[in-house]
There are 2 protein chains.
Amino acid sequence: MKLTEYLDELASSSSVPGGGSAAALMGANAAALVSMVCNLTIGKKGYEDVADEIGELLVESEKLRHEFVKLVDLDAQAFAEVMDAYKLPKTTEEEKHIRQGAIQAATRKATQVPLRTIELAVELLSLAREAGEYGNKNVISDAGVAATLGVAAMEAAWLNVQINLNPIVDERFKEEILDRGEALLDEGEELYEDAISIVESKIA
Amino acid sequence: MKLTEYLDELASSSSVPGGGSAAALMGANAAALVSMVCNLTIGKKGYEDVADEIGELLVESEKLRHEFVKLVDLDAQAFAEVMDAYKLPKTTEEEKHIRQGAIQAATRKATQVPLRTIELAVELLSLAREAGEYGNKNVISDAGVAATLGVAAMEAAWLNVQINLNPIVDERFKEEILDRGEALLDEGEELYEDAISIVESKIA
């Protein structure tokens, strides 16, 4: 899909793609920027000593980029399934029961997608910190932009996890997801702070 | 350009597009999400009283979206001009003088683009807050995602302003830009905090 078409779709009254897809796309942009910093460091004079680290970093950032891109679609699919469940008939008691089961199942699934975005964003933030540490100083602001977009992807996905949990009746499932998400968010925030400190000390 | 092609370009060893374009694209995504919240509020039961506000909000968010999209390209162009200036010959004193003048002019111009992204991001954050206040509660997380992406666009653009200012010798110009940027950042952070508080109080 073209970039401008995607934005038209996002802005439209169709709720797919929505914020969950936008969060994953943010992650993909962040990963691409880490890759760019690596590609502009490899083979450059003065960076011979970190060639191995940067090479490994690039492999990891490209892997993350492609995983994020998959999540852009997966989020839209999962959300479409939730909406389909809400459209099921609800006249008889049996229908109501089936519909409620379908809503619960689809919503649980839809919660996993932004949670996965959060996990990947935390990994990405760790790579952005390394790119800030070892990357070409001339493009070091791009490592900082990667960290900024990575933490935004994480926080945006977290809003989606929270709203998706609302209709879920299984309190134990909710609690598990919230605990997991909060732990990841703490880890991600710390990596972000580190990455930005490193980058800012090199920009100024 | 296709979404996946854009990401390939971003990740590549070509430094255009870079972090400045990614920041503007982030802003475009944020604006598109405000538009989506508006489009999913207009005509919905229970939101008749805010129809006028939401209608105006939509006009403004669509305007911002298209301005952000233009900045994606403008940033790449401005950065290409900076690189062209650095490639000018520097053998004779006269050539050195011309080259230095060209670098200064191109870099000043390149600083204005992310500064414009920051200005638009602050406007966007104000719209995201309104979308959180008046928008359809079912898609309120998307107003929060818009605010999260908006603040990230602002901070990412700020890193670009800072790195672009580095080669500039005119201290007065530098100071003016830094003062303007810092004031905008303070304003934007406050709008972001407000928007997120409103959204989180409605999600939980």
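Visitor: With which residue does Glu67(A) form a salt bridge?

Guide: This is a predicted model, in which local features need pLDDT of at least 70, side-chain atom pairs count only at pLDDT 80 or more, and totals for chains, interfaces and linings use all residues. Residues are numbered from 1 along each chain as its sequence is written, chains are lettered from A and ligands numbered from 1 in the order in which they are written, and side-chain values use heavy atoms, with hydrogens and water left out. A salt bridge requires a side-chain nitrogen of Lys or Arg within 4 Å of a carboxyl oxygen of Asp or Glu. For Glu67(A), the closest N and O atoms are 3.0 Å apart, and the partner is Arg116(A).

Visitor: How many residues apart are Glu67(A) and Arg116(A)?

Guide: Helices are DSSP runs (H or I, at least four residues; strands are E, at least two), numbered from the N terminus. Glu67(A) belongs to helix α3 (residues 51-86) of chain A, while Arg116(A) belongs to helix α4 (residues 93-134) of that chain. The pair thus links distant parts of the chain, and the separation is 49 residues.

Visitor: Which residue meets Arg108(A) in a salt bridge?

Guide: Arg108(A) lies in helix α4 of chain A and its partner in the loop between α5 (140-165) and α6, so the pair ties together parts that are 62 residues apart in sequence. The N to O distance is 2.5 Å, and the partner is Asp170(A).

Visitor: Is Arg65(B) buried or exposed?

Guide: Arg65(B) forms a salt bridge with Glu62(B), at 2.8 Å between the closest N and O atoms. Both residues lie in helix α3 (residues 51-86) of chain B, three residues apart, about one turn of the helix. Buried means under 20% relative accessible area, exposed over 50%, and partly exposed in between (1.4 Å probe, protein chains only). Because its relative accessibility is 5%, Arg65(B) counts as buried.

Visitor: Which residue is joined to Val16(A) by a cis peptide bond?

Guide: The omega angle of this bond is about -5°.

Visitor: Which axis relates the two copies?

Guide: Copies are superposed by least squares on the C-alpha atoms of residues with pLDDT of at least 70 in both. Chain A can be laid on chain B with an RMSD of 0.0 Å by a turn of 180° and a shift of 0.0 Å along the axis. The copies are therefore related as by a two-fold rotation axis.
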